[in-house]
Amino acid sequence: MPVTVLLRNAHIVTMDDARREIAGGWVRVTGNRIDALGESHDDPGAFDESIDLAGHVLLPGLVNTHHHMFQTLTRVIPAAQDASLFGWLKALYPIWARLTPEMIQVSTRTAMAELLLSGCTTTSDHLYLFPNGATLDDQIEAATTMGMRFHAARGSMSVGESKGGLPPDSLVEDEATILRDTQQKIERWHDPSRYAMRRVVVAPCSPFSVSTDLMKEAAKLARATGTTLHTHLAENDSDVDYSREVFGRTPAEYAEDLGWVGPDVWHAHCVKLDPAGIARFGATCTGVAHCPCSNMRLGSGIAPVTTMQTAGIRVGLGVDGSASNDSSHMLAEARQAMLLARVRTSFEPDQQARRFMTARDILALATRGGAATLGRDDIGFLAPNMAADLVAFDMRGLDYTGARSDPVAALVFCTPGRAALTMVNGRTIVRDGELLSTSEHRLIETHNCLASTLLAG
């Protein structure tokens, strides 16, 4: 029989359609789903275990829509610290060419540990290079040990320097091999069912690293297998210039011509998406992963998030790669997204567009927005029959002193904290701020050893 757990006495942020908040409320979880929630005076019914969350804010698990977990091994590399996107990639490609299967596994566990400790319960990851025998299986197997809900994006690069692309030839793959392996990974790992813990995404890396043919064939494969599509698009001015010079079209025009728009597609960044592109993406319900920290770190610009949302684009948050963030802290990403959106309001010519994005707006982006971007209707808010993905933050610490007038806003405005409780699919992964699915100390030691080996060559 499934165990029933009662989470009680919390300030609950449901993120449901009415955006309800319940002070001193409770959520009852049975097995892997929520079966009831209510106010303090409501009878919660029978339960097997009770967790007192007095002084905590309880909300849906945060959803990360874009990451490159292998990059946790190459944070703050001096040669890449002050470069924009293309220069940054050129500096790091030779190092990444030395990645091993073990490095893929450990970096995945490290990134997921960071995400879980920052309140994230579902993540996508875009792994697009496979040197030295590494495969997507290495990542998926490592992810399974961490207990996160995972969308594994089988990335790829097929156009190297010798053909006018950006990556070195040693890191690109044959396109027939890419498509065949992607289909095999879908057949082995993809779970389309409700509450699925693992899904596979078809994800050629970017317009400047794959061919037009591969983009078209990838779209056909995804639609034939009922999977989703993901790539990078319109990240900075150089990205746009490349698209115009090589393809004779804007990034949005190029994407549409190749079949890369629709409710089964989401693009990372879209910082430089033009007004026509925004309108077209909105009309087709195409998604975007907004990665504010990375976009600032690389000097790419500020994505027009509120304009995208108004147009009908599905927008979620992404921490992006840990060599361009350089963190996997989802709550910190939410804070940065809110602050950066406020900076952008000063550029808006329309006075009505100058409304500040609120803390609750950002939390919605990080929960419901991310779920919609990944094409899921079973996560992102708290209600009966939704997946039991919940996180709680203890608001009684030093970082939140003086913020009791609005503990929900304090989560975003104040110093981003570590989750006190993280539950994924009904399983408690973080308790009292400690990771239960792995030894944090041993993981750090192993990761740092492998990072040193990678850099030493």
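Analyst: We can begin with one residue. This is a predicted model. A residue counts as buried when its relative accessible area is under 20%. R28, at 17%, is therefore buried.

User: Where is R28 placed, and which residues does R28 touch?

Analyst: R28 sits in strand 2, residues 21-30. Leaving out residues up to four places away in sequence, R28 touches T4, V5, L6, R33, I34, D35, A36, P44, G45 and A46. The R28 side chain also reaches the backbone oxygen of P44, at 2.2 Å.

User: How should I read the strand around that residue?

Analyst: Start with a general idea: side chains in a regular strand alternate between the two faces of the sheet. Strand 2 pairs with strand 1 (residues 4-13) in the antiparallel sense, over 8 bridges. One of the pairs is V5 with V29 of strand 2.

User: How many bridges join strand 2 to strand 3, and what do the two strands form?

Analyst: Strand 2 and strand 3 (residues 33-38) run antiparallel and are joined by 5 bridges. T30 has R33 in strand 3 as its bridge partner. The two strands form a hairpin with 2 residues between them, and G31 in the turn has a positive phi of about 65°.

User: Now a helix. Which residues of helix 1 are buried, and why do they line one face?

Analyst: For a helix, list the buried residues, then look down the axis. In helix 1, the buried residues are L85, F86, W88, L89, L92, Y93, I95 and W96. Down the axis of helix 1 they fall within an arc of 170°, so they line one face. Their cover includes helix 6 (237-247), helix 9 (292-297) and helix 14 (440-456). Helix 1 itself covers residues 85-96 and reaches 16 Å from its first C-alpha to its last, close to the 16 Å expected.

User: Which members of the largest nonpolar core touch the most others?

Analyst: The largest nonpolar core has 118 residues, and W88, W96 and F281 touch the most other members. Helix 2 (residues 101-117) gives this core its largest share, 9 residues. Another core, of 18 residues, lies apart from it and has A10, L58, L421 and M423 among its members.

User: And what is F281 in contact with?

Analyst: Beyond its neighbours within four places in sequence, the contacts of F281 include L233, A252, A255, V261 and H267. C270, L273, T286, V288 and I313 are also in contact with F281.

Methods
Residues are numbered from 1 along each chain as its sequence is written. This is a predicted model: local features need pLDDT of at least 70, side-chain atom pairs count only at pLDDT 80 or more; totals for chains, interfaces and linings use all residues. Side-chain values use heavy atoms; hydrogens and water are left out. Helices (H or I, at least four residues) and strands (E, at least two) are DSSP runs, numbered from the N terminus. The expected span of a helix is 1.5 Å times one less than its number of residues. Buried means under 20% relative accessible area, exposed over 50%, partly exposed in between (1.4 Å probe, protein chains only). The arc is that of the directions from the helix axis to the C-beta atoms. Contact means heavy atoms within 4.5 Å. A polar contact is a pair of N or O atoms within 3.5 Å; within protein, one must be able to donate a hydrogen and the other to accept it, and residues adjacent in sequence count only if both atoms are side-chain atoms. A nonpolar core is a set of buried Ala, Val, Leu, Ile, Met, Phe, Trp, Tyr and Cys residues joined through side-chain atoms within 4.5 Å. Two strands pair if DSSP finds at least two bridges between them.
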